[in-house]
Amino acid sequence: MKKQPQIISLAALLLVLGGCYQGSLQQLPRTVTIGGHEVSVTEAVTIEQQSNGLSGVRALPEDHGMLFTFKTQGYRSFWMKGMYIPIDIIWIRDGQIVGIEKSVQPPATNASDSVLTTYRSPMPVDHVLEVNAGFSDAAGLKIGDELKIR
């Protein structure tokens, strides 16, 4: 009789630890090279991570960003809900830049969702990179430049 509660406790512990381990793997920083420039990124893979994105971030170190990775190519729409910093949104398909939204500004404080601008990829993409506003100009990024993920 005493073994059953121990087995249940052990199983619950393994589930919790397994979930923590899996979640931490998805949040490990990665490095991407885009247009010859290295950027340290946090990867957004899950729907929750992609929904949150950089919302709530008040400062992003230089040469840092967030890489949104999608399992399939599709038209992607982004908005600036909950954002405090201006960003460049870089649309990527098959490892190449296909579009850049430059210096996208955060919304006014308390702006309702109905007035937020939606930014849509120019074609189906499988990655989106968000970086500090001005990065794409400073790095001289252009359509056709390659993205390499390490």
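Helices (H or I, at least four residues) and strands (E, at least two) are DSSP runs, numbered from the N terminus. The model is predicted: local features need pLDDT of at least 70, side-chain atom pairs count only at pLDDT 80 or more, and totals for chains, interfaces and linings use all residues. Residues are numbered from 1 along each chain as its sequence is written, and side-chain values use heavy atoms, with hydrogens and water left out.

The protein has three helices and nine strands. Along the sequence they follow the pattern α-β-β-α-β-β-β-β-β-β-α-β. Buried residues (under 20% relative accessible area; exposed means over 50%, partly exposed in between; 1.4 Å probe, protein chains only) make up 33% of the 150 residues. The accessible surface (Shrake-Rupley method, 1.4 Å probe; for residues, only the protein chains shown count as cover) comes to about 9200 Å². Carbon and sulfur atoms hold 56% of that surface. Contact means heavy atoms within 4.5 Å. Among contacts between residues at least 6 apart in sequence, 72% join residues at least 24 apart.

A nonpolar core is a set of buried Ala, Val, Leu, Ile, Met, Phe, Trp, Tyr and Cys residues joined through side-chain atoms within 4.5 Å. The largest such core has 18 residues. F68, F78, I87, I89, W91 and V128 have the most contacts inside it. Strand 3 (64-74), strand 5 (87-93), strand 6 (96-104) and strand 8 (125-132) are the elements that each give two or more residues to this core. Another core lies apart from it and has 14 residues, among them V39, V41, L67 and L141. Within the largest core, F78 is one of the residues with the most contacts. Leaving out residues up to four places away in sequence, F78 touches F68, F70, I89, W91, T117, T118, Y119, V128 and E130.

F78 also belongs to the largest pocket. Pockets were located on a 1 Å grid over the protein atoms alone: a cavity is a set of points where a 1.4 Å probe fits but cannot get out, whereas a pocket is an open set with protein on both sides within 12 Å along at least five of seven lines, and lining residues have an atom within 4 Å of a point. Grid points are joined across faces, edges and corners, and a volume is the space filled by probe spheres set on the points. The largest pocket has a volume of about 300 Å³. Its lining has 18 residues, of which Q50, S51, S77, F78 and W79 lie nearest the centre. Helix 2 (47-52), strand 3 and strand 4 (77-78) are the elements that each give two or more residues to this lining. Helix 2 provides the largest share, four residues. For residue classes, Ala, Val, Leu, Ile, Met, Phe, Trp, Tyr, Cys and Pro count as nonpolar, Asp, Glu, Lys and Arg as charged, and the others, Gly among them, as polar. On this basis the lining of the largest pocket has nine nonpolar, six polar and three charged residues.

The second largest pocket has a volume of about 170 Å³. Its lining is made of K81, G82, M83, Y84, P106, P107, A108, T109, N110, A111, D113 and L116. By class, seven of these are nonpolar, three polar and two charged. N110 is found in the loop between strand 6 and strand 7 (119-120). N110 is not a glycine, yet has a positive phi of about 65°. With a relative accessible area of 78%, N110 is exposed. D94 also has a positive phi, about 50°, although it is not a glycine. D94 sits in the loop between strand 5 and strand 6. Its relative accessible area is 58%, so D94 is exposed.

S136 lies in helix 3 (residues 135-138). S136 counts as buried because its relative accessibility is 0%. Neighbours within four places in sequence aside, S136 is in contact with D88, I100, K102 and L141. L141 is one of the residues of the 14-residue core.

K148 is found in strand 9 (residues 147-149). At 52% relative accessibility, K148 counts as exposed. K148 touches T31, V32 and T33, not counting residues up to four places away in sequence. E43, in strand 2 (residues 37-44), is buried, with a relative accessible area of 9%. The C-alpha atoms of E43 and P29, 14 residues apart along the chain, are separated by 7.0 Å.
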